[in-house]
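Notebook open, structure on screen.

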Amino acid sequence: MNERHLKRLEFDRVKERLAGYAASEPGRELALNLSPLGDIDDINDALSRVTEGREVLRLEPSARLDGWNDVRDQARRCSRGGVLEPLELWHVLQTLTASRLIASFFRERQGKYTRLSEIAFGLGDFREAEKKISGAILPGGEISDRASEKLFSLRRRIVSTQQRVKEKLDSIIKSTAYQKYLQDPIVTIREARYVVPVKLEYRAQVPGIVHDQSASGATLFIEPMPVVEANNEVRTLMVEEKQEVARILQELSAAVGAVADDLLYALEILGLLDFIMACARYSESLDALAPLVVPGARLDIRKGRHPLLPGKAVPISIHLGESFDMLVVTGPNTGGKTVALKTVGLMVVMAHAGLHLPADEGTAIGMYNEVFVDVGDEQSIEQSLSTFSSHMSNIVGILSRAESGSLVLLDELGAGTDPDEGAALAQAILDRLRELGAATVATTHYGELKNYAFAGERVENASVEFDPETLRPTYRLLIGRPGQSNAFEIAQRLGLEETVVQQARGYLTAEQREIADLMRDLEKARVQAERERDEVTKLRREAEEFRKEYQSLAEKIRSRRDEVISKAVAESRELVRRTRRETDYLVEELKTSLKEESSRTRDATIGDARRQLKKLQAELDQKAPEGERHTDTQPPEVVRPGDEVFIPRYGQHGTVLEAPDRDGSVHVQVGMIRMTINRTELRESAGKKIQKQETGTRKLVQQKARDVSTRLDLRGARVEDALEEVEKYLDDAVLAGLPVVYLVHGKGTGALRSAVQQLLREHPRVSFYRLGEQGEGGSGITVAELT
């Protein structure tokens, strides 16, 4: 796209703001050089990258994707054999470390950030160079003493020799023989050698080498002869140290030079990642989102906001390319026509450049091959500096290049000349653009263009809204309604005398006044209708919220009711079971007491009691909630492992563990309890089969319930092994839901029995234990009850 047209849309200002979110110079360069893309796949890929960047900001707020430096110049110098300074090597080290950490970050999250991980995959492996530099360079760019063994030895010798010099000089300045010759009892340095300040008149009394003189000339800085040799040694060692440092820097720079090409490529990738994250941060600041990029020359902007306007910009909604390809926008000055025009252009350009748009979800941008803009002679949103000549110069260039698939944005079309000629020229220009097949949005004041939009095929009117009560613009764009200039109202609001305004109205024809009044009344009616519609929408939304809240409350009440009923039924069933046991006991007593009575009378009495209990049980079942009722009075025809069944006697659901035995007994798992019950006492549950995809815990429970025996034989085992086996066995037994277990330890010496019982005494899931009774194994077995 033409750079001049992009500048008229102020896309350069968008890029400057985007560059402000970049953390590196390469990232800023990419932002400032950003331009629209021409391929729909490239655009969608760029938008997806920014979307992943937003996800990183949202899900990984503490992620460090910066911390590196722009060391492109240093890498190029090293590739040519140059030597870097210690601080430069420190910057290179920071970059190598950051590259490794960023590559590791995305490698660990390949599934979450696919596109960013693909980019980061190109970051090279610089661990060898990183290790060399980190072992020699300290933070801030200092050479480490451990950079080499020789450097370490030299620096130790320098410190030792300097200490000897200082000690010698300290003895001199503290000597009573020398104190009167010294200006001050201190040791200082001149020309990298240790000296003492001597009064000028005592120069002969302190033999040595003069290195400096004070500004007043009264003090000489003399290196006493006793330390000259030691100072010479220090200088020699320092020269050797400097040479060793130069050698180390040369070696480290060569290591950087060896990976210079890979480092430069890594810097390109780091710059691209920084640019993508800058786009993500800019998107976040605008509360923007990725638009739908669709083929064809069309657009549908939903509540789009101009990204450069300060504060909360009024959003506009506009569509083009479906039922019409040309939109003529009319309305008063300062109403927001130019802002709307630039918003449309910026939305298209930003989307083509891979940037998120400050608009609502569902915004779609088509593939325009070019965007042409005429908003005056480089005019800004705040100023109107266009002239007829500048307009025509731009339009001539646009007409020579526009074609099908182009988007043309024209501000104040035909302005700056005679109104009649300007309107005629504007219509001819629009005709030409229609012939070329270019999508067009044009703003104007001319009433003739309103009629043109009414009569033209695939041409639509639009206007910027003007509040008829406050006489102020609302900056909303209304498609399908022509606008009014409202010149008289605006002039009066700005302070023009009413008599002058009325006189101006008098110059209008009666027909013009009637049309103006009619348009004004229609606008008031439209505003009132929209307000009422908004109120109805609000009330409908509130009613829907109340409905949902009521449904949720009703569901909670029903759930609570079923819970209360289920609890009451369970308690009632327990009461019935307890009553049945008592009744059975009473029946036995009754049988005994009725021995002298006839058999028929006795059986009739017992039968009446049992019928009363069955009647009570049936009444309780009828009171159970829907989920607990089981109207099937017949047992299931076929019972297979895995079937879910209901046990009316206990009011519980269970899972069949094994196929029925020959005598009809079925092993059923009810919660943590395994029980054996006759098939005739089972009923089909509402959910016949358990889902095949069972949880690991449920599978484990069922497996344990099938495999764990109620008896564990420990005879012949060592105490330590036996206790370990008992621990594991108790865990399995609890998991299988066994209420009682039998531990066979034999009689023997009693040591194993004592150890087992000590373990049972401390075990949290053992509620009671005892020695076996007659028929159970006596003292050779311990019986434990589990909770």
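I sort residues by relative accessible area: buried means under 20%, exposed over 50%, and partly exposed in between (1.4 Å probe, protein chains only). This is a predicted model, so I read local features only at pLDDT of at least 70 and side-chain atom pairs only at pLDDT 80 or more, while totals for chains, interfaces and linings use all residues. Residues are numbered from 1 along each chain as its sequence is written, and side-chain values use heavy atoms, with hydrogens and water left out.

**Entry: overview**

I looked up the secondary structure and got 23 helices and 25 strands. These are DSSP runs numbered from the N terminus, with helices being H or I of at least four residues and strands E of at least two. Of the 787 residues in the chain, 41% count as buried. I also checked contacts (heavy atoms within 4.5 Å). Among those between residues at least 6 apart in sequence, 67% join residues at least 24 apart.

**Entry: salt bridges**

My cut-off here is a side-chain nitrogen of Lys or Arg within 4 Å of a carboxyl oxygen of Asp or Glu. The search of the whole structure turned up 38 salt bridges.

I started with Arg64 and Asp66, whose side chains meet at 2.8 Å, N to O. Arg64 is exposed, at 58% relative accessible area, and Asp66 is partly exposed, at 35%.

Next came Arg77 and Glu88, also a salt bridge, at 2.8 Å, N to O. This pair links distant parts of the chain: Arg77 sits in helix 5 (residues 72-79) and Glu88 in helix 6, eleven residues apart. Arg77 is partly exposed at 23%, whereas Glu88 counts as buried at 16%.

Then I looked at Arg155 and Asp145, at 2.6 Å, N to O. Arg155 belongs to helix 9 (residues 149-174) and Asp145 to the loop between strand 2 and helix 9, ten residues apart. Arg155 counts as buried at 17%, while Asp145 is partly exposed at 37%.

I also noted a network of salt bridges that links Glu60, Glu108, Arg109 and Lys112.

**Entry: helix 8**

Which residues of helix 8 are buried? In this helix (residues 127-136) I found Ala129, Glu130, Ile133 and Ala136. They cover an arc of only 145 degrees around the axis, so they sit on the same side of helix 8. The arc is taken from the directions from the helix axis to the C-beta atoms. The face turned away from that buried side carries the exposed residues Arg127, Glu128 and Lys131. As for packing partners, the buried residues of helix 8 pack against helix 6 (86-107), strand 1 (137-138), strand 2 (142-143) and helix 11 (225-258).

Strand 10 (residues 326-330) is mostly covered, with five of its five residues buried. I remind myself that side chains in a regular strand alternate between the two faces of the sheet. In strand 10, Met326, Val328 and Thr330 are buried on one side, and Leu327 and Val329 on the other. Strand 10 runs parallel to strand 14 (residues 439-444), and five bridges join them. Two strands pair if DSSP finds at least two bridges between them. Val329 stands opposite Thr443 in strand 14.

Helix 13 (residues 337-352) has 16 residues and reaches 23 Å from its first C-alpha to its last, close to the expected 22 Å. That expected span is 1.5 Å times one less than the number of residues. Since 15 of its 16 residues are buried, helix 13 is largely enclosed by the rest of the structure. Just after helix 13, Gly354 has a positive phi of about 85 degrees.

I traced an open sheet of four strands in the order 22-23-25-24, with mixed pairing. Strand 22 (711-713) and strand 24 (766-771) are at the edges with a single partner strand each, so one side of each has no neighbour in the sheet. Neighbouring strands are turned by 20 degrees against each other on average, direction ignored. Strand 22 and strand 23 (residues 740-744) run parallel and are joined by three bridges. Here Leu712 stands opposite Leu743 in strand 23.

Helix 22 (residues 719-736) lies across strand 22, strand 23, strand 24 and strand 25 (781-786), at about 160 degrees to strand 23. Helix 23 (residues 751-762) lies across strand 23, strand 24 and strand 25, at about 155 degrees to strand 24. For these angles, axes are lines fitted to C-alpha atoms, for helices over the stretch in contact, and the angles run from 0 to 180 degrees between N-to-C directions.
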